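I opened this model to look up a few features one by one. My entries follow.

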Amino acid sequence: MFAYQTFHYQLLFLPVVLSLCGHRSRAYQVVGTYGLICVIASIITIWYPALGTYTDFSLRPGDLKNINGILGVEYVPQIVAVRNDPNFVLQLEHASGIISFPSVHAAVAVLCSWGAWTIRWIRFPMILLNALMLLAAITEGGHYVVDLVAGIGVAGFSIASVLYISRSGSVQFYRSQFQRNAQQI
């Protein structure tokens, strides 16, 4: 469960460490890739809304003796409402992840492992932590293996896309425009 819950902390920690270690481009790429992962996963889940294994097998968190299954079912009321209630309005105080397929946790595990690769001292601890997060997505998040495979695919596509865009020169143009505007202020 610890590994599964490091999701947000890694997304905050990794770009800061990358920047402090002089890998600003990789920090930008990690942040941009995460944004693209979220957009792609949100679009996919429109056509393939999945409720996860706990709901499919009618398991309640109390049924699970050694696993805190609440993370695998907390989003279910929202996704059921999105599917069935035409008057549903998602409110921030009740917001929860509503994506089971593809697994964003799996995508972030790949993203953070890739992002940390450039810094030797965190490379292998991050890979180990993210391998555990990937495996924990099955038990803690109630994901099917296909959810993980799809999340890994989304991460690979997103990383490749952001690398292509960042190497094509358009990012440098926007970065120079931003720096020029910041200097004028």
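**Notebook: cysteines, rings, surface**

I began with cysteine 112, which is buried, with a relative accessible area of 0%. Buried means under 20% relative accessible area, exposed over 50%, and partly exposed in between, with a 1.4 Å probe and protein chains only. Cysteine 38 is partly exposed at 26% relative accessibility. I then searched the whole structure for disulfides and found zero. The cut-off was a pair of cysteine sulfur atoms within 2.5 Å.

Ground rules for these entries: this is a predicted model, local features need pLDDT of at least 70, side-chain atom pairs count only at pLDDT 80 or more, and totals for chains, interfaces and linings use all residues. Residues are numbered from 1 along each chain as its sequence is written, and side-chain values use heavy atoms, with hydrogens and water left out.

**Fold**

I counted eight helices and zero strands. Both are DSSP runs numbered from the N terminus: helices are H or I with at least four residues, strands E with at least two. Along the sequence the pattern reads α-α-α-α-α-α-α-α. Of the protein's 185 residues, 41% count as buried.

**Rings**

I looked for aromatic pairs and got one. The rings of tryptophan 117 and phenylalanine 124 have centres 6.0 Å apart and planes at 75 degrees, so the pair is edge-to-face. The rule takes rings of Phe, Tyr and Trp (its six-membered ring) with centres within 6.5 Å; planes under 30 degrees apart are stacked, over 60 edge-to-face, the rest tilted. Tryptophan 117 is partly exposed at 43% relative accessible area, and phenylalanine 124 is exposed at 53%.

Which charged end sits over the ring of tryptophan 117? I found that of arginine 123, 4.3 Å from the ring centre. I also noted the charged end of arginine 26 over the ring of tryptophan 114, 3.9 Å from its centre. For this, NZ of Lys or CZ of Arg must be within 6 Å of the ring centre and within 35 degrees of the ring normal.

**Surface patch**

I noted a nonpolar surface patch of Val39, Ile43, Ile46 and Trp47, with about 450 Å² of accessible area together. Nonpolar side chains are joined within 5 Å. Valine 39 lies in helix H2, residues 24-47, and is partly exposed at 46%.

**Last check**

I placed alanine 160 in helix H7, residues 145-167. Its C-alpha atom is 9.0 Å from that of threonine 33, 127 residues apart along the chain.

Key
Patch = residues over 30% accessible without salt bridge, like charges linked within 9 Å, V, L, I, M, F, W, Y side chains within 5 Å. Areas by Shrake-Rupley, 256 points an atom, 1.4 Å probe, with all protein chains shown as cover. Salt bridge = Lys/Arg side-chain N within 4 Å of Asp/Glu carboxyl O.
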